[in-house]
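This briefing sets out the computed features of the structure shown below. The points are grouped by topic.

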Amino acid sequence: MDSASPQNSPVLPPDRLRAARRLFIASALSFVVAAALGALFRFGMLRGDFFGLQAGDLRHAHSHLMLMGWATPALIALITARAPALGLQLPLRATLSTGWLALVLAVLSTPAFALYGYRSAAIGEANIPIAAALSGVAMLVWYAFAAIFLFALRRAPNPHTPNPARSLLTIATGAMVVSSAGAWALAAQMITKSGDALSQQLAVHFFVDLFGIGWLLVGALALLRAETSAAASATESRARWMLLIGLPLVFLAGMPAADLAPRILLIGHLAAALSAAGFMALSLPLWRALKGWRRVALGLVMASALMLAAIAIPPVAQWGQSAGLRLFFLHTAFAGAVTLALISVAARTFGPSRSPAPATFALAIALLLITLLPLTGLMPTALSGRWVLVSALAGALGATMLSALATLQALLPRTTPSPTPSQAPRQQ
Ligand code: HEM
């Protein structure tokens, strides 16, 4: 029987919980800044000029801050806060320090990405690829987190009692470490100006897909799993194997079909099918156990799994690529499933008035996703026009303002003492 349940699992002492919450709120502020960069990108699309910046650099600044400054440190904050439910004894300071360092490095590299991308900038006599260098240091911080996690796994109080949430987190942490190979490969190609467009694209897809789907989406699912007291099952263990085999190869299915040999592409489609089946098998049994916004977050995990299942079918995958659905898929998985899982678990962990409101964030995400759809090939050509870019800008601006509102509300000083999680009213 999994002991992970918010009702019966031990919680961190209030001072430790406060420390984790500080990191979570700081990460949420990064979300707001990254969302504003996304809105700036949309404004640039409308004007046909990106304020003197290169569109790709601005996109990088946004996606890097979202992945490294929001989702990663927020996940680390919640892993720390929910450590008892995950059957782990994590050293509080060391674990949170990795989250803070990841956050600070992401924030520092954001202007560098926006101004120079991966290119070198002249600093005095020297030419330094600032963003790539800071990203390299950030990856060392991930390794530090992974080492702390591994150490805690080995010292887990009940290492032989099955804990499905902990097992999922182990896969997630492994995916984070392995995905970094893609980031190193990309940085090396950029700095040495070697490699062709295909090898760069392979490196980007390997990194973004494994980091986003493996580390963030599986990590978010682990947190949702830790919210329930359902017993560990054999199906779950099989499903984890599917993720383990499928996730490292799923990136191949997202590559343009013309660039890869059919056999290699087939491996990618099979990996997408395995990953989709794994996510579904792990999510479905949680549906009844989770309520409120955590259930909505789980629904978005399943929606992401369905999109992965669609990518498993070669003609559908090719159509999705030509229709520009990759961006929609990434945002359903990362902005939808991952973000709402983090926000809804935070509301339960830190108390609803002490963390950003899930309802406001859900509205922000809905606005973003709805206004992304007309940008895809799903929109009939007869209906397309300038309004599509205007609505995408409005959606991005709306999402930025709503996320800022929710985050700032969580920062407002309270007149009454903040409830501890056990006293905090349950979110539906
Ligand atoms: C309010 C929320 C958000 C807004 C307004 C937003 C906006 C954008 C925009 C405008 C782009 C560039 C699109 C293009 O190239 O046409 C983009 C790309 C991207 N975004 Fe977001 N986004 C949001 C949330 C997120 C979140 C939460 C994540 C991850 C945790 C994320 C990850 C990415 C990634 C990885 C890309 C690059 C995709 C690629 O190059 O293939 N975004 N986003």
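**Structural briefing**

M401 counts as partly exposed because 17 C-beta neighbours fall inside 10 Å; a residue is buried with 20 or more other C-beta atoms within 10 Å of its own, exposed with 12 or fewer, and partly exposed in between, the C-beta atoms being placed from the backbone. This is a predicted model, in which local features need pLDDT of at least 70 and side-chain atom pairs count only at pLDDT 80 or more, while totals for chains, interfaces and linings use all residues. Residues are numbered from 1 along each chain as its sequence is written.

**Overall chain**

- The chain holds 13 helices and two strands; helices (H or I, at least four residues) and strands (E, at least two) are DSSP runs, numbered from the N terminus.
- For 428 residues, a compact globule would have a radius of gyration near 22 Å, and the 21 Å of the chain agrees with this. The radius of gyration is taken over C-alpha atoms, and the globule rule is 2.2 Å times the number of residues to the power 0.38.
- The C-alpha trace spans about 55 × 50 × 50 Å along its principal axes.
- Of the 428 residues in the chain, 50% are buried.
- Among contacts between residues at least 6 apart in sequence, 81% join residues at least 24 apart; two residues are in contact if their C-beta atoms, placed from the backbone, lie within 7 Å.

**Shell around the ligand**

- The shell has 26 residues, of which A35, G38, S63, F334 and A399 come nearest to the ligand. A residue is near a molecule or strand if its C-beta atom, placed from the backbone, lies within 6 Å of it.
- Helices α1, α2 (55-81), α11 (326-350), α12 (358-372) and α13 (386-411) each supply at least two residues of this shell.
- The most residues come from α11, which gives eight.
- By class, the shell comprises 17 nonpolar, six polar and three charged residues. Ala, Val, Leu, Ile, Met, Phe, Trp, Tyr, Cys and Pro count as nonpolar, Asp, Glu, Lys and Arg as charged, and the others, Gly among them, as polar.

- The largest nonpolar core has 149 residues, and L78 and L340 touch the most other members. Helix α6 (residues 197-225) gives the most to this core, with 17 residues.
- A nonpolar core is a set of buried Ala, Val, Leu, Ile, Met, Phe, Trp, Tyr and Cys residues joined through C-beta atoms within 7 Å.
- Neighbours within four places in sequence aside, L340 is in contact with W293, V296, A297, L300, P358, F361, A362 and I365.
- The buried residues of α12 include P358, F361, A362 and I365. Their cover includes α9 (292-311), α11 and α13.
- Helix α12 has 15 residues and reaches 21 Å from its first C-alpha to its last, close to the 21 Å expected at 1.5 Å a residue. The expected span of a helix is 1.5 Å times one less than its number of residues.

**Helix α5 and positive phi angles**

- Helix α5 (residues 164-192) has 29 residues and reaches 43 Å from its first C-alpha to its last, close to the 42 Å expected at 1.5 Å a residue.
- Just after α5, K193 takes a positive phi of about 50°.
- F51, although not a glycine, has a positive phi of about 55°. Its place is in the loop between α1 and α2, and F51 counts as exposed because it has 10 C-beta neighbours inside 10 Å.
- Most residues other than glycine have a negative phi.

**Individual residues and distances**

- F41 lies in helix α1 (residues 14-47) and is buried, with 21 other C-beta atoms within 10 Å. Not counting residues up to four places away in sequence, F41 touches L58, R59 and H62.
- The C-alpha atoms of F41 and L286 are separated by 37 Å, and the two residues are 245 residues apart along the chain.
- A133, in helix α4 (residues 130-154), is partly exposed, with 15 other C-beta atoms within 10 Å.
- H160 is in the loop between α4 and α5 and counts as exposed, with 6 C-beta neighbours inside 10 Å. H160 and A188 are 28 residues apart in sequence and 41 Å apart in space, C-alpha to C-alpha.
- M401 lies in helix α13; its C-alpha atom is separated by 36 Å from that of A281, 120 residues apart along the chain.
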